[in-house]
Every structure is written in C-alpha cells, then in structure tokens.
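Here's a quick tour to read alongside the model.

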Amino acid sequence: MSNEHKSIHEFDFNLICEYFTHVERQGPGSPEITIKALSFVENLTSESRIADIGCGTGGQTMVLAQHAPGNVTGIDIFPQFIEQFNINTAQLGLNDRVKGIVGSMDNLHFKNEELDLIWSEGAIYNVGFERGINEWHKFLKTGGYLAVTEASWFTDERPAEINDFWNDAYPEIDTIPNKVAQMQKAGYIPVATFILPESCWTEHFYSPQAIAQEIFLKKHAGNKMAEGFIANQRHEMELYNQYKAYYGYVFYIGKKI
Ligand code: SAM
C-alpha cells in the first residue's frame, strides 16, 4: 500500500459508523448469496439457535432469519449498528426471534455447545480467520455449522500493488485451499466453499456507497479525517476494479465433527 493511503484502522470509529449506518450492508454480499450459503446447512428447526457475529446493521441477518427457522442473535461491537439492527428487526416483524446485542467477537458469552449455526459475513477478519474458527468451535453443537465469508486470494501469484495492499490491511488473507485446510484442522468438515460473485461488491456494496459518500462529504465539509476516509474507500473500490481477478470474498461452510 502506498503511503498516501491509510488503513481503515486509522480513522475515527464514530465517523466510520456514521457512514456505514446509512448503507444497507457494511461488507460485500447479497441476499441471494446468503440464501445459497444457507442451502448447505441442514437440520435447522424452530428450536435452533443461530448467532450472526459482526452482524452490522443486519442486512444479511434479516435474510437469514427470513429463510431459516430458530432464534437468531446478532452481535456487533458498535452500539449504533445494533440500534439500527433492532429497528430493522421490528420493522420486519422479526423481533420475536431475532435480537441484536452489543458484544465483541473475541469475548462471546455463549455456552459450550449452545449453537446450531454460527454465521459471519465479512467480519471474522476482525479477530482473524484462524483464531475465530478455532475459538468459536466450542460454542457449536456436534453437527452444527459454521458459515463465514473471508477475503481470499484466487491465485498463488498476484501483482505487487494488490499483494502489498492486502498484506498491510489483513495479512491473514490466503488462498482458498489454505483456508479450507485451516477449517479441517480446526475440527470442521469443509462442506462447501464458493466465491461471491462480483455483483456482491459492485451492486450491493460499492454502488449504494456512492450516494452515502456525497451526503457524508457535504455534512463533513472541511473535515480532513472524513475526506481522507472517503478517499480511502474510493481507493479500495478502484483497487477492486483493477485486481478483482486475484481476490474476493469466499464463503466457507463447515460442519463441526
Ligand atoms: N456482516 C455485516 C455485513 O456483511 O454487512 C457487516 C460486515 S462489516 C465489514 C464488519 C463488522 O464487524 C462491522 O459491523 C463491525 O462493527 C464489526 N466488528 C468489528 N470488530 C468487531 C468485534 N470485535 N466484535 C464484533 N463485531 C465487530
């Protein structure tokens, strides 16, 4: 990554939250892809307990709850996201079985073997894929499922610019076979992996941000941090457009042995 571009970790969290609260989802994905991933998960019933970790405002959680039986708990570290999550839940009439709570994925309060399904789209990187799949394993019942998306390399080699960008942003990015091997080692049968289509980035993630960016820049005119943050978002989008042959998000679905 070149020096003029910062890591998202260097920006004010309140600004990031404000910006992302105004878009439907905070990471690449789509309703169709959530439903596709769910099609690999078996044996859910109205008694099932599901956790969506790093749920954000709940774009994918609502889809999950509309297509799976059971109780769903969304967990996110940002109270603003959870507030919006619970508004969305009530609007969709899902509040009898879907609840958002504030919490951190590195300190979850589930009991051992409590959960039938752990879901996490575009969020496990916050604790790191390998650590996350290992630490969360104990919360699943035997035969329970893990379904997470994770940034992954599609090829063994790639241009230096994108390699350096990701190694700075998330050094744990790796190839699909290496991620699958980590799952197997952590005690999951690798049930399925598939690459999220480009539309999950363009149509569902970057396009809705274009309007949000204009509104945000007007509101924070002159604020260097806000301007830098948007410049960073735009830079990431340009990199995606240029190098999408080399990386993307991948759904990893595993079953606890
Ligand atoms: N799953 C949502 C989606 O796909 O739209 C949000 C993805 S967003 C890229 C990552 C989410 O992880 C954010 O909502 C962020 O607040 C949350 N997050 C970051 N660190 C976290 C932590 N330690 N514990 C729980 N959530 C966290």
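Predicted model: local features only at pLDDT ≥ 70, side-chain atom pairs only at ≥ 80, totals over all residues.

**Helix α7, inside and out**
- Helix α7 runs over residues 176-185, and its buried residues are K179, Q182 and M183.
- Those three span an arc of only 100° around the axis, so they sit on the same side of α7.
- The general rule behind this: an α-helix has 3.6 residues a turn, so residues three or four places apart point the same way.
- What do the buried residues of α7 pack against? Their partners are α5 (129-136) plus the strands β5 (140-153), β6 (174-175), β7 (188-195) and β8 (247-256).
- After α7 comes G187, with a positive phi near 100°.

**Around the ligand**
- The ligand has 21 residues around it, and R25, G27, G54, G56 and N126 come nearest.
- Two elements, α3 (59-67) and β2 (71-76), each give two or more residues to that shell.
- Sorted by class, the shell holds 10 polar, 7 nonpolar and 4 charged residues.

**The annotated stretch**
- An unreviewed UniProt entry lists residues 52-147 as "domain: Methyltransferase type".
- Across residues 52-147, the chain is 31% helix and 28% strand.
- The end C-alpha atoms of that stretch are 9 Å apart.

Technical notes:
Residues numbered from 1 in each chain as written. UniProt positions renumbered as here; feature names shortened; annotations may be inferred. Helix = DSSP H or I, 4+ residues; strand = E, 2+ residues; numbered from the N terminus. Near = placed C-beta within 6 Å. Nonpolar A, V, L, I, M, F, W, Y, C, P; charged D, E, K, R; others polar. Buried ≥ 20, exposed ≤ 12 C-beta atoms within 10 Å, placed from the backbone. Arc of directions from axis to C-beta. Contact = placed C-beta atoms within 7 Å.
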